[in-house]
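Dear colleague,

Please find below the structure that I am handing over to you.

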Amino acid sequence: MDFESLFDIPIDDLHTPCYLTDARLLQKNTALLKQIQQRTGCKILLAQKAFSMFSAYPLIRDDLAGTTASGLFEAKLGREHFGKEVHVFSPAYTQEDFTQLLELCDHIVFNSFGQWKKYRQQVQDATRNISCGIRINPGYAEVETDLYNPCISGSRMGVPLEQMEEGGFDGLDGIHFHTMCEQNSDVLERTLDHMLPQFDKWLKRCKWVNFGGGHHITRPDYDVERLVRCIERVRDTYGVQVYLEPGEAVALNAGYLVATVLDVVHNGMDIAILDASAACHMPDVLEMPYRPHILYSGTAGEKAYTYRLAGNTCLAGDVIGDYSFDHQLQAGEKLVFCDMAIYSMVKNNTFNGVPLPDIALYQDGKIQLVKQFGYIDFEGRLS
């Protein structure tokens, strides 16, 4: 993706580090998601585990059907700041959380029949109409990184075919499956080819089917027409409401992390130390691993000057990666990391007492500082 041609935001006076979301790109993504809903009748939810910048919710609320949560706090955030439908899935619910979820959620998905049996009576006694479903594990996925593969051997996610219970399914309205990670619709199509025949008799009892997340719908090379066919296939075969709950696709390529070079040292190679940290501010760089693009940079050796970019923590491995530039980096220079709206704000931390980045929104030609963090935020997490 040509990030350089998309970036026209003046950042000279921006305090760093800062997560900067571009409202134009965010709304471009959700406009496409809205079109797919209009074409197919499916409902697309924001998976808040990837993007929970609630100050931006008013910009995308009209384009999406609601939010999905991984637990109580995300459900509260979706209800209070987004409205519309609120869905939740968790591998297991505590009694304390479940009591509150009954007041917040429209759909609750269970990870096991044991959890459904435990809470079924409370759902039925609730003063609100709550639709419940079960997450299945089709035993098929094409996710290369085991850490993100929900169908790997020994996975705790979802009910495998051999454990499906005909009687236990009574009272459930839907089936949820999530087998993808940053993938195109051809993977979804093959997943359906595998899953539909095996779970056919339960699908025939459903009012809705949730395709989960992992759909990279707003990626430039994504096959939208194949996705439409997949949705229509399940919709028409089983007469169900189809849901999708992408997180990345909502804010994909719509945000940045702006950092400043603090110093340049040398130890076998030039090393630039930044005020942004892989360990604290972009954990996927170490966890996935993931190499974010930096505006006007290249791979090591591609351009004239190569640097190892590193964070300002005591973790020896707090290294973002090796990048090259057309010029020598200087202390005080700003670097712009791309595709940083997703899995950044929601996963960051204050290890070493490193401050959290500011949160800003670029809208109508202006940068709006949404939130600035300080010592009190660090102290408030501790005791």
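**Strands and pockets**

β3 and β4 run parallel and are joined by four bridges; two strands count as paired if DSSP finds at least two bridges between them. Helices (H or I, at least four residues) and strands (E, at least two) are DSSP runs, numbered from the N terminus. This is a predicted model, in which local features need pLDDT of at least 70 and side-chain atom pairs count only at pLDDT 80 or more, while totals for chains, interfaces and linings use all residues. Residues are numbered from 1 along each chain as its sequence is written, and side-chain values use heavy atoms, with hydrogens and water left out.

Gly 66 has Glu 85 as its bridge partner in β4.

Strand β4 (residues 85–89) is largely enclosed by the rest of the structure, because five of its five residues are buried (under 20% relative accessible area, 1.4 Å probe, protein chains only). Glu 85, His 87 and Phe 89 point one way from β4, and Val 86 and Val 88 the other way. In a regular strand the side chains alternate between the two faces of the sheet.

Strand β17 (residues 358–363) has five of its six residues buried, so it is largely enclosed as well. β17 pairs with strand β1 (residues 18–22) in the parallel sense over five bridges, and with β18 in the antiparallel sense over five bridges. β17 and β18 form a hairpin with two residues between them, and Asp 364 in the turn has a positive phi of about 55 degrees.

The largest pocket holds about 1,000 Å³ of space. A pocket is an open set of points on a 1 Å grid over the protein atoms alone where a 1.4 Å probe fits, with protein on both sides within 12 Å along at least five of seven lines; lining residues have an atom within 4 Å of a point. The volume is the space filled by probe spheres set on the points, which are joined across faces, edges and corners. Of the 39 lining residues, Lys 49, Tyr 148, Met 157, His 178 and Tyr 343 are the closest to the centre of this pocket.

Yours sincerely

Terms used:
Buried < 20%, exposed > 50% of the residue type's maximum accessible area, 1.4 Å probe, protein only.
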